[in-house]
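Visitor: I would like a close look at one part of this model. Please keep to the packing of helices and aromatic rings.

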Amino acid sequence: MEKQEISRLSKRPRVINIGNEKGGVGKTSLTRLLPAALANLFGFKSLIVDMDPQANTTKSLYVTRNIYHEDEVTVFENTLMNGIARGDLSDLILNVMPNVDFIPSAYDLKSFPTFLSKKFGLVDESDPDYFQVKEQQYAYFKQLIDDIKGDYDFVFFDTPPTSSDITEAVSYSSDYILIAFQTQSDSLDGARNFLEQTLIPLSDNFNTEFEIIGILPNQMTKGSIESATLNDAHELFGSENVFENIVPFTKAIQNIPRNGVTLRGYWNSKMFNESINPIAEELINRIIIVEE
């Protein structure tokens, strides 16, 4: 991508949620890898917020941080849930690598829905003020992100693979939604459920402004089942909405939880150059098209 094309992207922070309502579809891998690619290719600065109580992104980014900060002692003094309750996330930010920061998750994030209910009221969908209360809940979280996003070009979220207050609050707070799916039929169902059961109701019932930036196939092999599922995705979502670049199944990606995210070494460089960098470039191109 030429510098002239990048210059078409206005200077402002963009918040991106990578989602699916099924686990193991590659969304966590993308959340780890895309910020590194954007930093390496374009010098963009990104913040990763791990909103999954399982904290898989946090674990791998902790390994990554140790690669780039091997002489430092990393101490998590507060949890993300504590910051949400205090109304301030700024002191939770840690650097991972050049131009990539993150906010770690912890198991207590499971209490996020309970916190929102205690702060703004517990409501049922049958209550007449249901949507008003839920919007107050989600707007509270969005403001926390708005307060810190100004230092970044991008904010990326990792979320649990379920329909929940966490997923809905994150989507509510996002500018763009990237739907990731593994090229298997049940993963495609999860992508469709995410769209139909979470995103469309959010758009219909709340004051949201997010755009769906695309559908990104993951962990593609050369099997006939994967090819058939990819064809199904084109039919279901429309070919123009499916990324042209696809994340293949590679050992380098599978080894990230143990080895961390790094561009060092032959296999890692190959992974970025052949797989992740083209996706990062296509992501930027898609944003430019939407915003022009």
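Visitor: Which residues do ring pairs link into a cluster?

Guide: This is a predicted model. Ring pairs join Y130, F131, Y138, Y172 and F206 into a cluster. Two of the elements to look at here are helix α6, residues 130–146, and helix α7, residues 165–172. The two helices pack with their axes 8 Å apart and at an angle of about 65°. Angles of 65 to 115 degrees count as roughly perpendicular, so α6 is described as roughly perpendicular to α7. The crossing of α6 past α7 is right-handed.

On the α6 side, the contact is made by K134, E135, Q137, Y138, A139, F141 and K142. Their partners in α7 are D165, E168, A169, V170 and Y172. By type, the residues of this contact divide into six nonpolar, five charged and one polar. Y138 and Y172 belong to the contact and also to the ring cluster.

Across the whole structure, a search finds 13 aromatic pairs. One of them involves F141, whose ring centre lies 6.0 Å from that of F157; the planes are at 45°, so this pair is tilted. F141 sits in helix α6 and F157 in strand β5 (residues 154–158), so the pair links distant parts of the chain, 16 residues apart. F141 and F157 are both buried.

A further pair is formed by Y266 and W267, with ring centres 4.9 Å apart and planes at 80°, which makes it edge-to-face. Y266 and W267 are both exposed, whereas F141 and F157 are buried.

Methods. Residues numbered from 1 in each chain as written. Predicted model: local features only at pLDDT ≥ 70, side-chain atom pairs only at ≥ 80, totals over all residues. Heavy atoms only, no water. Axes fitted to C-alpha atoms, helices over the stretch in contact; angles between N-to-C directions. Helix = DSSP H or I, 4+ residues; strand = E, 2+ residues; numbered from the N terminus. Parallel < 35°, antiparallel > 145°, perpendicular 65-115°, else oblique. Left-handed = near helix turned anticlockwise from the far one by under 90°. Contact = heavy atoms within 4.5 Å. Nonpolar A, V, L, I, M, F, W, Y, C, P; charged D, E, K, R; others polar. Phe/Tyr/Trp six-rings, centres within 6.5 Å; stacked < 30°, edge-to-face > 60°. Buried < 20%, exposed > 50% of the residue type's maximum accessible area, 1.4 Å probe, protein only.
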